[in-house]
Amino acid sequence: MLCLGVCLGSMAQDASYPANYARAPRFKALLYYSDTAEEAHVQFANQAIDFFTRLTYGDGWILETTTDLDTRSYENLQQYSVIIAINAAPSTAEGRAAFEKYMENGGGWLGFHAAAYNDANTHWPWLNKFLGCGTFYCNNWPPQCVLLELDTTDSDITRNIPSSFVAPESEWYQWNPSPRSNSDVEILASISPKNYPLGIKDIIRHGDFPVAWRNKNYRMVYLNYGHGDREFTDATQNLLTLQAFRYVVSRDPKGNPFEK
Ligand code: ZN
């Protein structure tokens, strides 16, 4: 241990050592979650915090967490390369306005599961424009593993991921209309029709079922999984999560932080 400490210490003092390029925070991220949501959504939030906290790029990024996006101004949000939205969305007019302005001006968003939930009571048309889909339509119950199929392998988000894989158990949402009907949306992955009928109590029997996509008009990726404590148990799905995160951050209009 002594030798290791001495060696690292001398490296830190050598400015020419190549690894020094990563010795400063390259970007900031804000992980926004709800600690008052249903238990399975809080479980996912706690595991997501653990997952992203362990993630390192050299010494290079700062992760902040919050359960309150409603009191954040646009000026405050501008410091973050990405908002990681874990089963939560702003609910007040002020919070929504700040988030809209952030996204309309190059902000980044990686959203999971209920972060996109909206129905007739949400009264936030911009959210649908942003997501590129309609309102929540239905879900399977109980949470289940599903066979996912990639819609494209020609994307930095899906590169190196098998064309189909079994995702960990989750509650899966369908939307009406589907994001696939929106020409501004690139669908990345969908639930295979081979899964039908999907569910036991609440059964989905048919329909187009995209579960990962991006709206080309924004710096965003939506991933539909995010329910329960099994979501980070699969290396392939974790790779999809990481590549989606990296995709959003790397397109920061202030410059690609990974190239600093
Ligand atoms: Zn859920």
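**Zinc site**

The 4 donor atoms around the zinc ion subtend angles of 97 to 143 degrees, and the arrangement is therefore irregular. The model is a predicted one, and the points below are grouped by topic.

- The zinc ion is coordinated at 2.0 to 2.1 Å by H41 through NE2, H113 through NE2, E171 through OE and H227 through ND1.
- Along the sequence, the spacing of these donor residues is H-x71-H-x57-E-x55-H.
- Because H41 belongs to helix α2 (residues 39-54) and H113 to the loop between β4 (108-112) and α5, the pair ties together parts that are 72 residues apart in sequence.
- Both H41 and H113 are buried.

**Aromatic pairs**

- The search of the whole structure finds 28 aromatic pairs.
- W126 and Y218 form an edge-to-face pair, because their ring centres are 6.0 Å apart and their planes stand at 80 degrees.
- This pair links distant parts of the chain, 92 residues apart: W126 is in helix α5, and Y218 is in the loop between β10 (210-215) and β11 (219-223).
- W126 is buried, with a relative accessible area of 9%, and Y218 likewise counts as buried at 9% relative accessibility.
- The rings of W172 and Y225 have centres 6.5 Å apart and planes at 75 degrees, so this pair is also edge-to-face.
- W172 lies in the loop between β7 (164-170) and β8 (173-176), and Y225 in the loop between β11 and α6 (235-250), so the pair ties together parts that are 53 residues apart in sequence.
- Both W172 and Y225 are buried.
- Ring pairs also join residues into a cluster, whose members include F99, W109, Y117, W126 and Y218.

**Cavity and pocket**

- The whole structure contains 1 cavity of 30 Å³ or more, and the largest cavity has a volume of about 50 Å³.
- The largest cavity is lined by 13 residues, among which A88, A89, P90, F99 and W109 lie nearest its centre.
- The largest pocket has a volume of about 230 Å³; of the 15 residues that line the largest pocket, N87, A88, A89, A114 and Y117 are the closest to its centre.
- The lining of the largest pocket divides into 9 nonpolar, 4 polar and 2 charged residues.

Methods
Residues numbered from 1 in each chain as written. Predicted model: local features only at pLDDT ≥ 70, side-chain atom pairs only at ≥ 80, totals over all residues. Heavy atoms only, no water. 1 Å grid on protein atoms, 1.4 Å probe; cavity = no way out; pocket = protein on both sides within 12 Å on 5 of 7 lines; lining within 4 Å. Points joined across faces, edges and corners; volume = space filled by probe spheres on them. Nonpolar A, V, L, I, M, F, W, Y, C, P; charged D, E, K, R; others polar. Donors = N, O, S within 2.8 Å, 3.2 Å for Na, K, Ca; no water. Tetrahedral: all angles 85-135°; square planar, octahedral: opposite > 155°, others 65-115°. Helix = DSSP H or I, 4+ residues; strand = E, 2+ residues; numbered from the N terminus. Buried < 20%, exposed > 50% of the residue type's maximum accessible area, 1.4 Å probe, protein only. Phe/Tyr/Trp six-rings, centres within 6.5 Å; stacked < 30°, edge-to-face > 60°.
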